[in-house]
Amino acid sequence: MSEGDRIGLIGPNGSGKSTLLAILAGQMAVDSGEVSIRRHTRLSLVGQVSEFAPGQTVGSIAGNSPEILGRAGFTDLDAEASSLSGGWRKRLAIVEGLVRAPDILLLDEPTNHLDLAGIKWLETVLQNASFACVIVSHDRYLLENVATEVVELHRAYSNGLLRVKGTYSSFLEAKEAYLHAQEKHQDALENRVHAEIEWLRRGAKARRSKSKAQIGKAQDLIGELADLNSRTRTSTASIEFSATDRRTKQLIELDHVGYAIGGRTPPTLFENLDFTVKSGSRLGLVGPNGSGKTTLLRLLLGEIQPTRGEIRRAEHLRMVYFDQTRTLDPEVTLRRSLAPDSDAVVYQDRLIHVAAWASRFLFSADDLDRPVGKLSGGERARVLIAQLMLQAADVLLLDEPTNDLDIPTLEVLEESLLEYRGALVLVTHDRYMMDRVSTVVLGLDGFGNIERFADYSQWDEWQVRQRPVPVRPAAPRPQRAPGSKKMSYLDARDYATIEQRIADAEAQVQAKWAALEDPAIMSDGLALQAAATELETAQKTVDGLYARWAELEET
């Protein structure tokens, strides 16, 4: 691994991605082999869980680095870290990793709980970083935009992994070629094994005509085929949401709907929203944290009422809501989480034993008596999806359903949503899923405005166009008062050049500001400190020149 490398590490849940990061970070020992890391190499690991001790502030965790915190969106350095939302705790954990000035940054699912703005910030930091990084992620757009190399851990590969230089798209092309070649080899091997078995079945006379070495070779071929069949036998979760038989097209109508929160600045989340949720429509909601996406889902569900306007729902409308804050009781077993009342569930009017139901979500019979608190994040997410699938619905309301899901499960989930016959309203930070699934996107800015777009990419381009270019206001320049007394020769010479010197000094300040906002500098603790010192020095020069000008104006 070299300086500037950005390795995307992918693989199904349980394939060992987090374990590998812990080994690289020195937190776990290997069972065999050795890990060689150059002396004095600084490694920083940002884990999946971002928790901070009570009493720690944003500033203390980030080493009181206001520049990098400002770039990450933090404004209150005295805020208690443990009181932040999940998304802001994740940002702070990444900042904590950056200010350590690592040579190698290890990130384990860094986009979990981040909003879209946070993901874009992270992409910019990584794209311009001088350090190397290893990123475990299921965010396919992040991998495409950031990774210079992709490694997949999977038992389907002969040595347990596939490593490809280039973007995620390059990896997918290489993976397809590899699996195609493996399939052809598997077919040829099956034919050879079939021929050898036929020969062995002919009896002892035929067997004596072959040497023991040839018989051993046949056994080796059989063993190789068995190993190949075992490795290529993969399973994916079976996800299929059930729609009702309702024939009504207009399911929910929003007429000039607005919602405001007292004590919030500004109080209005959105206003004058006119929209109709129709059967078969797939609506995506995007916007920064706090812009009202979850609030709009709760309005559609009827949990809260609009502060203005009207929401009309079809009679006996059945809605299923995936709440991103919903948790499972960690003490309850998987069996009772999947089937609370008996050892069977009713799915699409069919009775299914809990073991068979669990297997659809990649759980074995041995898993049924495990407490769900012992399951991984991805496994718990599959349990929540399994619970939702038991409820037939006219409208699916999904709030961040992708957290902790691996890429194969995400792909199955996407296919299920594309085939779902009811209406879908989706909130997700997974930009690939949003682009693939949604037929229309509503963009919320949190200041009362909502715009309609064809897809996420169109909204993202609109965001860039709307972003104002920051202009640092120039300081007012004093004017020489009429009737001032005559200057000395040295003062006059100083006065004649001071305006140009101020202009040059202000240009230096602008350059130092630009340097400070450079993501490459923002991600380098030593360079960041040096840039901040240079900016302070340049600003003092400007202030001194203005003071001298004012002094000369009074002479």
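Modeller: Lining the largest cavity are L254, L273, F275, V277, L283, L296, L300 and L442. Two elements give two or more residues to that lining, namely β8 (268–278) and α10 (293–301). Please keep in mind that this is a predicted model.

Biologist: Which of the elements gives the most to the lining of the largest cavity?

Modeller: That is β8, which gives 3 residues.

Biologist: What classes of residue make up the lining of the largest cavity?

Modeller: The lining has 8 nonpolar residues, with no polar and no charged ones.

Biologist: And how many cavities are there in the whole structure, and what volume does the largest have?

Modeller: Searching the whole structure for cavities of 30 Å³ or more turns up 1, and the volume of the largest cavity is about 40 Å³. Rolling a probe the size of a water molecule over the atoms is what shows where empty space is left.

Biologist: Let me step back to the overall picture. How many helices and strands are there in the protein?

Modeller: The protein has 19 helices and 17 strands, and of its 555 residues, 44% count as buried. As for how the chain meets itself, among contacts with a separation of 6 or more, 69% are between residues 24 or more positions apart.

Biologist: OK, the core next. Which residues have the most contacts inside the largest nonpolar core?

Modeller: The largest nonpolar core has 41 residues, and those with the most contacts inside it are I239, F241, W357 and L396. Helix α13 (residues 377–389) gives the most to this core, with 7 residues.

Biologist: What is W357 in contact with, leaving aside its neighbours within four places in sequence?

Modeller: With those neighbours set aside, W357 is in contact with L338, V345, Y347, I352, A386, M389 and L390.

Biologist: What about S416, which residues is S416 in contact with?

Modeller: S416 is found in helix α14 (residues 407–419), and leaving aside neighbours within four places in sequence, S416 is in contact with I239, E240 and F241. S416 counts as buried, since its relative accessibility is 5%.

Biologist: Where is the place of E400, and what is its phi?

Modeller: E400 is in the loop between β14 (395–399) and α14, and its phi is near 55 degrees, again a positive value in a residue other than glycine. E400 is buried, with a relative accessible area of 12%.

Biologist: Now helix α4, please. How many of its residues are buried?

Modeller: α4 is mostly covered, with 10 of its 14 residues buried, and these are G87, R89, K90, R91, L92, A93, I94, V95, G97 and L98. They pack against β2 (43–46), α2 (58–61), α3 (66–71), β3 (104–108) and α5 (116–127). Helix α4 covers residues 86–99 and spans 20 Å from its first C-alpha to its last, close to the 20 Å expected at 1.5 Å a residue.

Biologist: What follows α4?

Modeller: A101 follows α4, and its phi is positive, near 50 degrees.

Biologist: Last one, then: which residues of helix α1 are buried?

Modeller: In helix α1 (residues 17–24), the buried residues are K17, L21, A22 and I23. The elements covering them include β1 (6–10), β2, β3, β4 (132–136) and β5 (149–153). Just after α1 comes G26, with a positive phi of about 80 degrees.

Note on methods:
Residues numbered from 1 in each chain as written. Predicted model: local features only at pLDDT ≥ 70, side-chain atom pairs only at ≥ 80, totals over all residues. Heavy atoms only, no water. 1 Å grid on protein atoms, 1.4 Å probe; cavity = no way out; pocket = protein on both sides within 12 Å on 5 of 7 lines; lining within 4 Å. Points joined across faces, edges and corners; volume = space filled by probe spheres on them. Helix = DSSP H or I, 4+ residues; strand = E, 2+ residues; numbered from the N terminus. Nonpolar A, V, L, I, M, F, W, Y, C, P; charged D, E, K, R; others polar. Expected span 1.5 Å × (residues − 1). Buried < 20%, exposed > 50% of the residue type's maximum accessible area, 1.4 Å probe, protein only. Contact = heavy atoms within 4.5 Å. Core = buried A, V, L, I, M, F, W, Y, C linked by side-chain atoms within 4.5 Å.
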